[in-house]
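Welcome! Please take a moment to look over the sequence and the model below, and then we will walk through some of the features together.

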Amino acid sequence: MRKEIVDTRVPQIIILYWIIKIASTTLGETGADMFSMTFQFGYAATIMIFMTIFLLFFAIKLSLKRYEPITYWLTFTATAIAGTAISDFIDRTLELGYSVGSLILVSLLGIVLYVWHKKDRSLSVEKIYTTSSEVYYWIAFLIANTLGTAAGDFLADDLNIGFVQSATLISLVLISLVVMNYYTKISKVFLFWLAFVLTRPFGATFGDLLTKPIDHGGLNLGTVGASSFFMTVLVIALFLEINYEKINHYRKKIFYR
């Protein structure tokens, strides 16, 4: 048991993981919009910038061969920002639309998960011990983050549901997945991947809710302000994760002494 904890290259899936992920994915939405639209870099340049950053952190992450929180979440956040820009590039620059883009991304994710499972006989996201498994892990995460953005924009824009309604709908589905995780025998790995994809459109729609103009159903807080806010949330949550064992130790001393 001790060896698993030492050697695994990825974090445990606990509530703090999901808090950091949602903050990171929401930052991905606002951050990509900030670079592509507010700073007028465009989608292609934003993709190139953050894919380069992702590949840099990815190489560092692989070389560590263990879980190191800051490097892991920097890599993850780069996939979130790159994924948002890729989704927008597919929809707006290539003019394929969010529905077609989502179908393409679902197919790509399915292929990656199939190949990964065929090789490792597992899709566990808590027990990654080899470089090849971690490569599949991060490719799947990049595609899933891109898919989540496309799915969220499809709900909010193509179906004209709106940002608040989309976020509410996805929240209800996520709550249902939590209930199924604890009270059904449905595969936890399957439920994880559903939740992983759906927390991305939740972050995307929540990010849009904060940044879009009021006449478009948003709160008009701007991409810079929203990105700064979620960067702060991400840093605080990451600090809590890094010091999770110490905090848990002191909590037990206070409540059980």
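## Where helix α2 ends

Helix α2 is followed by Gln 40, a residue with a positive phi, near 60 degrees. Helices here are DSSP runs of H or I with at least four residues, strands are runs of E with at least two, and both are numbered from the N terminus. This is a predicted model, in which local features need pLDDT of at least 70 and side-chain atom pairs count only at pLDDT 80 or more, while totals for chains, interfaces and linings use all residues. Residues are numbered from 1 along each chain as its sequence is written, and side-chain values use heavy atoms, with hydrogens and water left out.

## The overall plan

The protein chain has 10 helices and zero strands. Read from the N terminus on, its elements therefore run α-α-α-α-α-α-α-α-α-α.

## A closer look at α2

With 24 residues, α2 reaches 33 Å from its first C-alpha to its last, close to the 34 Å expected at 1.5 Å a residue; that expected span is 1.5 Å times one less than the number of residues. The helix is mostly covered, as 18 of its 24 residues are buried.

Ser 24 has its place in α2 and counts as buried because its relative accessibility is 0%. Leaving out residues up to four places away in sequence, Ser 24 touches Phe 76, Thr 77, Ala 80 and Leu 234. Ser 36 lies in α2 too, which covers residues 15-38, and its 7% relative accessibility is why it counts as buried. The side chain of Ser 36 reaches the backbone oxygen of Ala 32 at 2.8 Å. Not counting residues up to four places away, Ser 36 also touches Phe 41, Gly 42, Tyr 43 and Thr 46.

Helix α4 has 25 residues and spans 35 Å between its first and last C-alpha, close to the 36 Å expected at 1.5 Å a residue. Since 20 of those 25 residues are buried, α4 is largely enclosed by the rest of the structure. After α4 comes Glu 95, whose phi is positive, near 60 degrees.

The structure holds 27 aromatic pairs. Rings of Phe, Tyr and Trp (its six-membered ring) pair if their centres lie within 6.5 Å; planes under 30 degrees apart are stacked, over 60 edge-to-face, and the rest tilted. One of the pairs is Tyr 72 with Trp 138, tilted, at 5.1 Å centre to centre and 55 degrees between the planes. Tyr 72 is in α4 (residues 69-93) and Trp 138 in α6 (residues 131-158), so this pair links distant parts of the chain, 66 residues apart. Both Tyr 72 and Trp 138 are buried. The rings of Phe 76 and Phe 141 have centres 5.9 Å apart and planes at 85 degrees, so they form an edge-to-face pair. Because Phe 76 lies in α4 and Phe 141 in α6, their pair ties together parts that are 65 residues apart in sequence. Phe 76 and Phe 141 are both buried.

## The nonpolar core

Which residues have the most contacts inside the largest nonpolar core? In this core of 54 residues, they are Tyr 72, Trp 116, Tyr 137, Phe 141 and Trp 193. A nonpolar core is a set of buried Ala, Val, Leu, Ile, Met, Phe, Trp, Tyr and Cys residues joined through side-chain atoms within 4.5 Å. Elements giving two or more residues to this core include α2, α4 and α8 (188-211), and α6 gives the most, with 10 residues.

## Around Leu 210

Leu 210 is found in helix α8 and is buried, with a relative accessible area of 9%. Its C-alpha atom is separated by 5.5 Å from that of Leu 221, 11 residues apart along the chain. Aside from neighbours within four places in sequence, the contacts of Leu 210 include Leu 219, Ala 226 and Phe 230.

Conventions
Buried < 20%, exposed > 50% of the residue type's maximum accessible area, 1.4 Å probe, protein only. Polar contact = N/O pair within 3.5 Å; in protein donor to acceptor, adjacent residues only side chain to side chain. Contact = heavy atoms within 4.5 Å.
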